[in-house]
Amino acid sequence: HVKQAFLLLMLLDISSHWCQMYSTASLQQHHKSDDGNTGRFFLVRWYYHYYYFFGYCCVGAEFTYVALYGLAHVAENDTLLKALGDG
């Protein structure tokens, strides 16, 4: 189930970004510009307008994916747990 969840999250991430890029490119706007996001859902406008929020979400999501992936493998690998002193 963990692999399917990661796959679903990656597909959602890539497809939503592609849709955002395609829809603004059809208007000949950049997908991160205020002009390209006029009339969009307020979270999309806020996400691309406030770069600290944008950066926090991007880095936080990637860190979460890596941490969960690592924890899934640590739970499967008793040798690593013993080497870390928890086993």
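Predicted model: local features only at pLDDT ≥ 70, side-chain atom pairs only at ≥ 80, totals over all residues.
Helix 1 covers residues 2–25. Why does its length make sense? At 1.5 Å a residue, its 24 residues should span 34 Å, and the end C-alpha atoms are 34 Å apart, so the two values agree.

Now the whole chain. It has four helices and zero strands. Written in order along the sequence, that is α-α-α-α. How much of the chain is buried? Of the 87 residues, 9% are buried. The accessible surface is about 7,300 Å², and carbon and sulfur atoms account for 68% of that. As for contacts with a separation of 6 or more, 21% join residues 24 or more positions apart.

Next, the surface around helix 2. Phe41, Phe42, Leu43, Trp46 and Tyr50 together make a nonpolar surface patch of about 550 Å². One of these, tryptophan 46, sits in helix 2, which runs over residues 42–49. Tryptophan 46 has a relative accessible area of 39%, so it is classed as partly exposed.

Tyrosine 47 is also placed in helix 2. Its relative accessibility is 23%, and the cut-off for buried is under 20%, so tyrosine 47 counts as partly exposed. Which residues does tyrosine 47 touch, leaving aside neighbours within four places in sequence? The contacts are Phe53, Phe54, Cys57 and Cys58. Take cysteine 57 from that list: tyrosine 47 and cysteine 57 are ten residues apart in sequence, and their C-alpha atoms are 8.5 Å apart in space.

The partners are tyrosine 51 and phenylalanine 54, with ring centres 6.2 Å apart and planes at 90 degrees, so the pair is edge-to-face. For reference, planes over 60 degrees apart count as edge-to-face.

Where do the two partners lie? Both are in helix 3, residues 51–76, and they are three residues apart, about one turn of the helix. An α-helix has 3.6 residues a turn, so residues three or four places apart point the same way.

Are the two partners buried or exposed? Tyrosine 51 is exposed, with a relative accessible area of 52%. Phenylalanine 54, at 16% relative accessibility, counts as buried. The edge-to-face pair therefore joins an exposed tyrosine 51 to a buried phenylalanine 54.

Methods. Residues numbered from 1 in each chain as written. Heavy atoms only, no water. Phe/Tyr/Trp six-rings, centres within 6.5 Å; stacked < 30°, edge-to-face > 60°. Helix = DSSP H or I, 4+ residues; strand = E, 2+ residues; numbered from the N terminus. Buried < 20%, exposed > 50% of the residue type's maximum accessible area, 1.4 Å probe, protein only. Contact = heavy atoms within 4.5 Å. Areas by Shrake-Rupley, 256 points an atom, 1.4 Å probe, with all protein chains shown as cover. Patch = residues over 30% accessible without salt bridge, like charges linked within 9 Å, V, L, I, M, F, W, Y side chains within 5 Å. Salt bridge = Lys/Arg side-chain N within 4 Å of Asp/Glu carboxyl O. Expected span 1.5 Å × (residues − 1).
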